[in-house]
Amino acid sequence: MKFNKLLIFPLAVAAMLVSCSKEGSAPASDQALTPFSVESPTGGTMRISAITQTFSETFESGSKTAYAAADVTFSSGSWNLSNALVGTSTSDAKNGSKSVRIQTTGVLSMNFDVTTGASTVTVKHAAFGSDGSSTWGLWMSANGGSSYTQVGSTITTSSTTLATATFTVNTSGTLRFQIRKATGSSTRINIDDFTINSYDSGSGGTGGGAGSTGDNSNMLLGNPSNATTSIVTDYNNYLYDHTYYTQSYNRDKGEPNWTCWYVGSTSLGSTARQDDFRADTNLPSGWYQVGASSYSGSGFDRGHNCPSADRTSTVAANQATFLMDNMVPQAPNNNQQTWGNLEDYGRSLVNAGNEIYVIMGSYGTGGTGSSGSANTVDGGHVNVPAHIWKVIVVLPNGDNDLSRITTSTRVIAVDTPNINTVSSDWTQYITTIQSIENATGYTLLSALPTSVRTALETKVDAGVVN
């Protein structure tokens with residue numbers, strides 16, 4: 001059964017259950033030493049709920065002028081503010097007339113649960129007035145506030161202008177959240193615009209773990225490198241499900257080996273490009289996190305694997321594409337012209353009544369950007385690939401996608417050198433799937449019957465009219 005339209009959920013005001021318990025300080029049973037981590041699903045259950053904005057609390061409707069712990073009713077429900085108040089002064093960074101100001105090791109807590117789970121949580125934050133830097137974290141409870149687990153890594157706030165922190169949660173069920181200021185002393189922070197997006201995706205396909213093969217799933221076509229979620233044996237072939245795309249991440253190269261995703265009519269909407277490039281704080285503990293400025297001055301673009309414009313159905317979907325582990329150092333002309341034109345063409349196929357499954361990756365070492373050639377950037381933390389490739393499988397809109405792929409199905413395989421003198425005409429780099437497999441060692445389209453895969457591997461696309 002295929003779901004081609006977003007499932008629309010009511011706003012959280014109608015979907016939340018309000019609990020009577022309050023958390024003004026850290027419970028004794030908190031799991032403070034273990035950051036919350038996300039692993040790719042391995043079961044075969046198809047996930048069909050769409051990510052929607054559960055609620056966005058702006059903190060505009062409540063008032064509290066003292067730091068002593070007390071409950072405040074905002075538009076989303078009751079929150080407990082401990083060592084925190086509702087700031088309205090000119091020194092409070094805010095979007096509107098109010099934001100929450102937290103001092104010492106204060107806590108901002110939801111006194112209620114959301115019942116739609118959470119894919120991502122976004123929080124706007126800034127330093128209060130002329131205060132110095134502070135650190136804080138997002139904490140989550142799945143048992144009504146009895147215990148909490150930290151989500152992602154601790155955030156450092158230093159700017160007096162509101163910035164957005166995005167946390168990947170990917171957890172279903174009943175949840176509530178806290179913000180805990182970790183740095184004490186005399187520094188204060190402002191918190192505003194707390195947004196929860198519901199669990200899972202109907203806007204960009206299902207997550208696509210190793211066993212997920214339902215229509216619209218990211219990994220419908222298979223697992224090209226047999227990536228796994230083991231961080232012990234497969235740290236350079238780590239299967240990482242970002243909900244809106246799935247990838248094999250290479251810890252030592254600081255970039256994905258390959259990324260796969262689905263694009264259909266529900267993937268494309270009117271959401272603006274978020275441009276919130278950022279490190280992925282949900283990578284396994286101890287792994288290097290490539291930062292938003294890691295490519296600065298290198299002469300290479302932050303080249304998306306899964307493009308921003310392929311994920312415009314919701315803010316959460318678009319934001320997911322700006323995680324730095326969705327990037328490779330890409331020659332500017334390759335990224336902005338050659339690859340941009342290819343991405344536009346893929347979306348034009350969707351707008352013409354098709355749905356597409358995409359696999360993109362890179363291989364080799366050494367490219368030439370606007371500042372010359374390089375093998376690595378970011379002090380050696382990120383490999384500069386020599387080639388960037390993509391495979392697109394095109395199907396007319398319909399159901400039972402895997403069974404509809406035959407020897408006559410259109411496939412587009414492109415392999416470009418990662419150099420700044422590359423032609424803007426991507427059709428000059430059309431190749432075969434087999435050629436890409438030979439270069440990478442991967443088995444693409446492995447979910448297809450052998451006879452179909454063998455026939456498609458050697459096809460050279462001739463469907464583009466120049």
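**A residue in a helix, and its surroundings**

Tutor: Let us begin with Glu 457, which lies in helix α6, where helices (H or I, at least four residues) and strands (E, at least two) are DSSP runs, numbered from the N terminus. This is a predicted model, in which local features need pLDDT of at least 70 and side-chain atom pairs count only at pLDDT 80 or more, while totals for chains, interfaces and linings use all residues. Residues are numbered from 1 along each chain as its sequence is written, and side-chain values use heavy atoms, with hydrogens and water left out.

Student: Is Glu 457 buried or exposed?

Tutor: The term buried means under 20% relative accessible area, exposed means over 50%, and partly exposed is in between, with a 1.4 Å probe and protein chains only. Glu 457 has a relative accessible area of 9%, and therefore counts as buried. Not counting residues up to four places away in sequence, Glu 457 touches Thr 432, Ile 433, Gln 434, Glu 437 and Leu 444, a contact being heavy atoms within 4.5 Å.

Student: Which residues of helix α6 are buried, and how are they arranged around the axis?

Tutor: The general idea is that an α-helix has 3.6 residues a turn, so residues three or four places apart point the same way. In helix α6 (residues 450-457), the buried residues are Val 452, Arg 453, Leu 456 and Glu 457. Seen down the axis of α6, these buried residues fall within an arc of 130°, so they line one face of the helix; the arc is that of the directions from the helix axis to the C-beta atoms. The face of α6 turned away from the buried side carries the exposed residues Thr 450 and Ser 451, and among the elements covering the buried residues of α6 are β25 (410-417) and α5 (433-440).

Student: Where does β25 sit in its sheet?

Tutor: Strands of a sheet pair through backbone hydrogen bonds, either parallel or antiparallel. Here an open sheet of 6 strands, with antiparallel pairing, runs in the order β14-β15-β16-β19-β24-β25, and two strands pair if DSSP finds at least two bridges between them. The edge strands are β14 (238-241) and β25, each of which pairs on one side only. Strand β24 (residues 387-396) pairs with β25 in the antiparallel sense over 8 bridges, and the bridge partner of Trp 389 in β25 is Asp 415.

Student: How should I read the two faces of a strand such as β18?

Tutor: In a regular strand the side chains alternate between the two faces of the sheet. Strand β18 (residues 327-330) is covered on both faces, with Met 327 and Pro 329 buried on one side and Val 328 and Gln 330 buried on the other. Its pairing with strand β17 (residues 301-304) is antiparallel over 4 bridges, and Arg 302 has Pro 329 as its bridge partner in β18.

Student: What does the record list for Asn 335, and which side chain does Asn 335 join in a polar contact?

Tutor: The unreviewed UniProt entry lists Asn 335 for "binding site", and Asn 335 is found in helix α3, buried at 16% relative accessibility. A polar contact is a pair of N or O atoms within 3.5 Å; within protein, one must be able to donate a hydrogen and the other to accept it, and residues adjacent in sequence count only if both atoms are side-chain atoms. In this model, a polar contact of 2.9 Å joins the side chains of Asn 335 and Asp 301.

Technical notes. UniProt positions renumbered as here; feature names shortened; annotations may be inferred.
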